[in-house]
Amino acid sequence: MDSTGVYENLPLRLPSEMSTENLQNGNTEINHPPSPQQTSNPSKIVSSTSGHDGLTLSKKVTNNSLPSKKRKSTSEIPKTSSDHFQNFLSKIKPKSSRSSSFEMCDRKKKNNGENTDAEERRGEDETGAKEKTEEIQPTLKTVNQHNTPTSGFDDGYGSCNSSPHGSGRVKPNKQSALVLTCTLRKKDLHVQIEEDEKGYESFVVSTSPPEDEGGGGGGDKPADDKRETWSSNADFLLSIIGFAVDLANVWRFPYLCYKNGGGAFLIPYTLMLIFGAVPLFYMELILGQFNRQGPISVWRICPLFKGVGFCAVLVAFYVSFYYNVIIGWALYYLASSVQPDLPWLHCNNSWNTDRCWESMSNITNMSMANDSIAHNRYTPASEFFHRAVLEMQMSDGLHEMGYPKWQLVVCILLVYAMLYVSLFKGVKSSGKVVWATATLPYVVLTILLIRGLMLPGAATGISYYLQPELSKLRETQVWVDAAVQIFYSVGAGFGVHLSYASYNNFHNNCLRDCLVTTAVNCFTSFFSGFVIFTYLGFMSHKQGVHISTVATEGPGLVFQVYPEAVATLPGSHLWSVLFFFMLIMLGLDSAMGGLECVITGLMDEFCTFFRGKKYSRELFTFGAILVSFSVALINVTPGGIYMFHLFDTYSAGISLLCSALFEAIAVSWFYGLDKFSQDVQCMLGSKPGLYWRICWKFISPTFIIGVVLFGLIYPQPLKYNDYNYPSWAEWVGWALALSSILMIPVVGVIQLLNTPGTFKERLAINITPVEEHVQLRQDKKVSRFKCKHWLYV
């Protein structure tokens with residue numbers, strides 16, 4: 001018998017009485033009095049499907065039965081007076097919730113606001129006194145099924161449309177049907193069809209959910225309707241803005257803009273933003289919000305690519321090993337800024353060498369400003385960073401790491417403590433922290449810009465920053481720099497935006513959030529460039545050298561050049577405190593996002609392990625923080641800067657691009673743009689436009705492939721300052737990168753091996769959403785083996 005025959009000729013009829021008081025108690029059975037033939041056999045679930053408005057219909061073997069209504073076969077069962085229930089239940093078939101969600105959502109909108117033409121009929125002997133309860137008000141109606149909305153499935157999180165996580169649908173029927181309508185406020189009403197071993201069946205209503213069917217791992221279960229959500233949309237918006245806007249906006253974009261043609265660099269930057277990064281960013285928000293799952297469990301939509309989720313989680317975890325160390329350095333500088341004299345202002349400290357020069361203008365005045373002299377002289381800020389903070393003079397390379405510096409250990413311990421406090425309660429705690437970490441940097445940047453514009457040479461610095469050189473656009477490296485910068489700046493591929501979006505309300509306008517976040521991110525990069533180059537222009541004017549001498553990127557910019565610039569200003573302590581406080585705020589919300597991806601991804605995937613355990617979130621968060629802190633300690637040793645640079649180069653390089661590439665391919669090609677567009681329409685009310693679909697399917701993957709190939713064909717040697725890394729160090733770096741990339745094919749092969757059947761059947765199952773597997777095994781129809789699926793745009 002096919003799936004449509006599961007509820008055929010179900011011998012049920014409506015009882016003469018239905019107590020609302022019993023419904024409130026949560027375990028009301030609608031059936032005839034038990035017959036003597038009933039047994040006390042234990043019950044088990046046979047199949048399940050979703051019902052109307054939060055009702056869960058399931059078939060269960062139990063000791064409840066209907067007298068003389070034993071079902072033997074469809075042909076042997078006579079028609080009863082309960083044809084209304086038969087017609088209603090016979091149309092319920094366990095089909096994919098994901099495939100029916102759009103249809104139910106669409107019918108909901110078409111029927112919204114329409115009044116049914118059928119009249120309510122209720123026998124006078126059907127009920128005694130009518131009781132109205134606050135939570136549940138059951139009424140029985142005979143309505144015309146053709147005019148009744150068939151998509152009133154409660155999705156469990158405030159949706160007026162059907163849930164993407166139901167497991168059934170109701171088809172319209174031209175015949176009249178008897179419908180049980182319940183108004184629920186705080187509890188869901190679950191209706192179960194129960195059957196004992198002799199075939200007797202009954203209709204049971206309860207407020208407790210039925211047992212889960214099929215068991216399975218944590219990642220193979222539907223999303224939890226009780227999943228926590230953001231306190232407000234502003235919390236979510238500030239969180240994704242905080243993750244997208246990070247230290248790279250301050251220390252990398254301004255330098256790239258200056259190096260690659262000034263204002264002309266904005267042309268490739270904008271093109272890569274529109275056709276590459278933004279579409280992938282929007283895709284991640286849709287995936288998280290619709291499926292309400294972390295970056296691993298979300299691949300129920302295409303189990304073959306579940307390794308993409310593991311890859312994203314590993315990348316985010318690897319980044320935490322060194323990114324949080326940067327915040328620790330900023331905290332060390334913040335503490336040093338309250339000393340009576342800023343330690344990076346003069347060359348009379350114990351860590352300074354004979355090569356320390358307080359002003360490069362002294363070299364110019366002595367007519368020694370040639371390249372060899374300039375490269376052999378160091379500023380006080382440079383020596384403070386390398387010799388006082390990092391203590392590089394005590395290590396000759398990776399073979400001589402040394403012991404962690406206790407002051408830096410304390411600093412990063414404080415950083416991880418702040419991260420734990422922000423994360424251990426989930427989005428309820430992190431959503432409050434981002435109000436400070438995501439907004440204060442803009443206040444500080446504005447104050448610093450106003451002060452910087454008053455300095456001599458500021459206008460010269462800004463002119464160098466923006467002066468367009470269109471000839472630079474002919475260089476391939478300029479386009480690659482633009483692509484890499486915007487891609488890493490937006491943060492697609494980390495799985496962080498997907499994790500954050502999984503805590504959204506179902507109908508949140510994620511397109512608006514995507515566009516706002518992207519606009520703020522680009523504005524921050526451009527705005528911070530003005531701030532940085534006003535001070536670089538001041539340094540160039542003060543030292544009497546070309547701006548190219550002082551312009552740099554990365555840690556060298558924020559821990560050497562900028563501290564030296566503010567050290568010469570009146571009230572230098574205040575400006576120094578403000579700047580490093582801004583760096584800490586910029587770093588914290590990005591660090592929170594990376595660890596939230598790890599925590600959400602693993603806890604969602606292995607939810608059966610964590611469910612029911614007290615303080616599971618708090619303990620797992622502590623474990624993740626502890627592991628990350630332990631690995632980060634290697635970066636605060638005298639040779640730690642070399643390991644830091646290795647992590648920075650390989651942790652989120654090619655591996656992050658591969659994560660985003662296979663994510664786009666899996667969604668656009670295997671899951672299908674048609675189905676993905678239906679998901680968007682169900683959430684937002686309209687399908688994504690042609691621009692989005694073309695970018696998802698063709699342009700964005702092509703853009704990522706181009707960047708990856710360029711990086712592989714023209715690799716940059718691994719080098720930090722004058723230190724050349726040994727060949728074995730590069731192998732270690734590639735092993736680190738491949739450890740996350742290989743998760744994609746390895747997990748895919750494991751998924752195929754664990755699936756029973758022929759290779760074709762295994763492949764069909766693993767490129768089909770989990771919710772469609774039962775239907776797929778029954779009718780053997782694989783829509784993803786048809787050209788229509790692959791050619792849809």
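A: The protein exposes about 33000 Å², of which carbon and sulfur atoms supply 58%; accessible areas come from the Shrake-Rupley method with a 1.4 Å probe, and for residues only the protein chains shown count as cover. This is a predicted model, in which local features need pLDDT of at least 70 and side-chain atom pairs count only at pLDDT 80 or more, while totals for chains, interfaces and linings use all residues. Residues are numbered from 1 along each chain as its sequence is written, and side-chain values use heavy atoms, with hydrogens and water left out.

Of the 793 residues of the protein, 58% count as buried, where buried means under 20% relative accessible area, exposed over 50% and partly exposed in between (1.4 Å probe, protein chains only). The protein has 31 helices and 11 strands; these are DSSP runs, helices being H or I with at least four residues and strands E with at least two, numbered from the N terminus. Among contacts (heavy atoms within 4.5 Å) between residues at least 6 apart in sequence, 81% join residues at least 24 apart.

Now the rings. A pair of aromatic rings is described by the distance of the centres and the angle of the planes. Rings of Phe, Tyr and Trp (its six-membered ring) pair if their centres lie within 6.5 Å; planes under 30 degrees apart count as stacked, over 60 as edge-to-face and the rest as tilted. The count by this rule is 56 aromatic pairs. One of them joins Phe 265 and Tyr 269, with 6.1 Å between the centres and 40 degrees between the planes, and is tilted. Phe 265 is buried at a relative accessible area of 0%, and Tyr 269 is buried at 4%.

In the pair of Trp 344 and Phe 580, the centres are 6.1 Å apart and the planes stand at 70 degrees, so the pair is edge-to-face. This pair links distant parts of the chain, 236 residues apart: Trp 344 is in the loop between α8 and α9 (361-365), and Phe 580 is in helix α21 (residues 572-605). Both Trp 344 and Phe 580 are buried.

Rings also have charged ends over them. A charge sits over a ring if NZ of Lys or CZ of Arg is within 6 Å of the ring centre and within 35 degrees of the ring normal. The charged end of Arg 227 sits over the ring of Tyr 503, 4.4 Å from its centre. For Lys 613, the ring is that of Phe 609, and the charged end sits 4.4 Å from its centre.

Val 319, in helix α8 (residues 306-336), counts as buried at 13% relative accessibility. Beyond residues up to four places away in sequence, Val 319 touches Phe 494, Ser 651 and Ala 652. Val 319 and Ala 652 are 333 residues apart in sequence, yet their C-alpha atoms are 6.8 Å apart.

Thr 621 belongs to helix α23 (residues 616-632) and is buried, with a relative accessible area of 0%. Leaving aside neighbours within four places in sequence, Thr 621 is in contact with Tyr 420, Leu 423, Phe 424 and Ile 599. The side chain of Thr 621 also reaches the backbone oxygen of Arg 617 at 2.7 Å.

Notes:
A polar contact is a pair of N or O atoms within 3.5 Å; within protein, one must be able to donate a hydrogen and the other to accept it, and residues adjacent in sequence count only if both atoms are side-chain atoms.
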